[in-house]
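Hi,

Here is the structure I promised to send over.

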Amino acid sequence: MALNSSSDQYGTVAVTIHWLTAVLILIALLTGFRAAAAEDVATEAALLRVHLPAAILVLVLTVVRVVWWLGIDDKPAPIAGAPSARQVIARIVHLLFYVMVFGMFASGTGMMLASGALPAIFSHDATALPEFWRYRPRIPHGFGARLLVVLLIVHVAAALYHHLRGDRVFGRIWFGRSPTSQDAADRAV
């Protein structure tokens, strides 16, 4: 598998960024929702100690991904035979992911700055942790988290739909030979 993408396959760099980002987004969402529902401040602080670095890594990987595509690599062509409306929806969902990552980071940063919570989160005394619901950035952050869950469900459902149709979507965004290379190898056998 090449570092750069081809017309039918994402390259190693794009695939690695995609899957690392996916795992980190799940970690950030799970720890964020659990922290918001935590009944004691020690648990909330412990979850936020995982949530914040995961969110920062998501932002860093997203910036690297954008720079990679704008300056170094190209995305593969859309799936052959996909209706143009479906391609537009796919582009919108992917664009919304980027908007949500930057929006979530901005609202999370706003919440940390407004509340002054950062020292309490990373100290041994979590009793100074503020009540985040009192700070306005909490509203877009909470809404964004729920919208991000919806986007993930739509993204995974679309990927499963294409996989079940035999479109080899996972072959395009997974490590290994490209779908075209795999088809040629299967025909040679």
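Predicted model: local features only at pLDDT ≥ 70, side-chain atom pairs only at ≥ 80, totals over all residues.

A quick word on labels before the rest: helices (H or I, at least four residues) and strands (E, at least two) are DSSP runs, numbered from the N terminus. Residues are numbered from 1 along each chain as its sequence is written, and side-chain values use heavy atoms, with hydrogens and water left out.

On to the helix packing. Axes here are lines fitted to C-alpha atoms, for helices over the stretch in contact, and angles run from 0 to 180 degrees between N-to-C directions. Helix α1 (residues 12-37) packs against helix α2 (residues 41-71) at about 150°, the axes being 8 Å apart. That makes α1 roughly antiparallel to α2 (angles under 35 degrees count as roughly parallel, over 145 as roughly antiparallel, 65 to 115 as roughly perpendicular and the rest as oblique). The contact of α1 with α2 contains 20 nonpolar, 6 polar and 3 charged residues; in these classes Ala, Val, Leu, Ile, Met, Phe, Trp, Tyr, Cys and Pro are nonpolar, Asp, Glu, Lys and Arg are charged, and the others, Gly among them, are polar.

For α2 and α3, the axes come within 10 Å and cross at roughly 140°, and the two helices are therefore oblique to each other. With α3 and α5 the axes come within 9 Å and the angle is roughly 150°, which means that α3 and α5 are roughly antiparallel. The contact of α3 with α5 has 14 nonpolar, 7 polar and 3 charged residues.

On a 1 Å grid over the protein atoms alone, a pocket is an open set of points where a 1.4 Å probe fits, with protein on both sides within 12 Å along at least five of seven lines, and lining residues have an atom within 4 Å of a point. Grid points are joined across faces, edges and corners, and a volume is the space filled by probe spheres set on the points.

The largest pocket has a volume of about 1300 Å³. It is lined by 40 residues, and Y10, H18, A90, H94 and H155 are the closest to its centre. Two or more lining residues come from each of α1, α2, α3 (84-115), α5 (138-165) and α6 (169-172), with α3 giving the largest share, 11 residues. By class, this lining divides into 28 nonpolar, 7 polar and 5 charged residues.

The second largest pocket comes in at about 730 Å³. Of its 33 lining residues, H51, L52, A55, G108 and H141 lie nearest the centre. α1, α2, α3 and α5 each supply at least two residues of that lining, and the largest share, 9 residues, is from α2.

Last, the aromatics. Rings of Phe, Tyr and Trp (its six-membered ring) pair if their centres lie within 6.5 Å, and planes under 30 degrees apart count as stacked, over 60 as edge-to-face and the rest as tilted. By this rule there are 3 aromatic pairs. In one of them, the rings of W19 and W174 have centres 5.3 Å apart and planes at 80°, so the pair is edge-to-face. W19 sits in helix α1 and W174 in the loop between α6 and α7 (179-188), so this pair ties together parts that are 155 residues apart in sequence.

Cheers
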